[in-house]
Amino acid sequence: MRMMQVPFAKFDKMHGDIREEMILKFAEVYDKGWFIQGEECEAFEKEFAEWNDVAYCVGVATGLDALSLSLKALEIGIGDEVLVPSNTFIATALAVTAVGASVVLVDPDEVTYNMSGKGLEETLSPNTKAIIPVHLYGQAAEMDEIMDFAEKHNLYVVEDCAQAHGALYKGRKIGTFGDVGCFSFYPGKNLGALGDGGAVTTDNKELADIIRRLGNYGSTKKYHHKYLGTNSRLDEIQAGLLRVKLRHLQEYNIQRNEYAKRYLEGIKNPRIKLPAVGADRTHVWHIFAVMCEDRERLKQYLEDRGIGTVCHYPIAIADQECYEGYGLPRLPFAKYIAANELSLPMYVGMTDEDIEYVIDAVNKF
């Protein structure tokens, strides 16, 4: 097979197909001359709430802000503990630290790599205030077990939905189980802006109003500040562009599922552990994460053949320099994932030839 270039991700096909829609929307916002807290953000919030089957959506500047503002609105802070998956991206933990609460790490399920009921009881303390299940890689955490535990112990649930726009658990969209759902619109996400952006979804109007105020300097009326807030707002240009892409999101998720199906059926190398989809779930494949105990050699082997890969995430949270001195436990399965995970190319617009080239290379490793 001839040498090809298959990057880890690219936007050519996706953005090419919607170029005219995006340019028209940009021109529309540009000509209005209103760039913060205008009609586009209001319309996107309404449409994204409806798409996620919730009552309210609040646009914010980033996914990290979505998490930290939600925790702050729930009055989680100094002296409180929040249960967080040990293998998530560091933003989940940083949001907890930002509000002054303590991160408590929980090792994930060994099949889906997501939070389940495992380990929750052992990490519970009188100071536990909330749980942040992360729908990692594009599939739902074990929400029945998590919600049962949260209800039993009167805990808040803040869903980190940054990698799983549109994923289902038992026919219900993620982000609708807990008190809030927190989304990132970083460009590489299934629903990605052309810059940073984020949102919080909820059925709780009071909570939505507080989050909105917190992200607008603690204010709803100019120069009247009820809360010690910050500046975290989804701008009009990004909101408008996200409205365009939201109309295509279901189609994008279907394509990702088709590519994943090809990978799952085609990769037969016994040295590669393929991802598993949990029961009663619809995966949206933000990331196609394989495990290989010779990860670095596999990565170099694929790179030498023009195939881009990424390690998500090679340093576990407990091993990060910024958390030295916090006493976070170095949990065994988090260490395993950090040392062995490798993400294969997954993006809208992959061709049959791209997929077959990756499969053939992985099988020959």
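The model is predicted, with local features needing pLDDT of at least 70 and side-chain atom pairs counting only at pLDDT 80 or more, while totals for chains, interfaces and linings use all residues. Residues are numbered from 1 along each chain as its sequence is written, and side-chain values use heavy atoms, leaving out hydrogens and water.

Let us begin with the nonpolar cores, each a set of buried Ala, Val, Leu, Ile, Met, Phe, Trp, Tyr and Cys residues joined through side-chain atoms within 4.5 Å. Buried here stands for under 20% relative accessible area, exposed for over 50%, and partly exposed for what lies in between (1.4 Å probe, protein chains only). The largest core has 45 residues, of which L71, V82, V96, V103, I132, V158 and I211 touch the most other members. A second, separate core of 39 residues includes C57, I131, A141 and I174. In soluble globular proteins, nonpolar side chains tend to be buried together.

From here, turn to a pair of helices. Helices are DSSP runs of H or I with at least four residues, strands are runs of E with at least two, and both are numbered from the N terminus. Helix α4 (residues 63-73) packs against helix α5 (residues 90-98) at an angle of about 35°, the axes being 8 Å apart. Those axes are lines fitted to C-alpha atoms, for helices over the stretch in contact, with angles running from 0 to 180 degrees between N-to-C directions. On the α4 side, L64, L67, S68 and L71 meet A91, T92, L94, A95 and V96 of α5.

The axes of α3 (residues 39-51) and α9 (residues 236-246) come within 8 Å and cross at roughly 35°.

Next comes α7 (residues 143-153), where M143, I146, M147, F149 and A150 are buried. They share one side of α7 because they cover an arc of only 160° around the axis, taken from the directions from the helix axis to the C-beta atoms. The face turned away from that buried side carries the exposed residues D148, E151 and K152. Among the elements covering the buried residues of α7 are β2 (81-85), α6 (120-123), β4 (128-131), β5 (156-160) and β6 (168-169). Just after the helix, N154 takes a positive phi of about 55°.

G178, in the loop between β7 (172-173) and β8 (180-184), touches M147, V157 and E159, not counting residues up to four places away in sequence.

Helix α8 (residues 205-214) has L207, A208, I210, I211 and L214 buried. These residues lie on the same side of α8 because their arc around the axis is only 165°. Their cover includes β1 (56-60), α4, β8 and β9 (198-202).

Finally, look at L302 in α11 (residues 295-304). L302 counts as buried because its relative accessibility is 0%. Leaving out residues up to four places away in sequence, L302 touches I307, T309, L342, L344, A361 and V362. L302 and V6 stand 296 residues apart in sequence, with 9.7 Å between their C-alpha atoms.

How values were computed:
Contact = heavy atoms within 4.5 Å.
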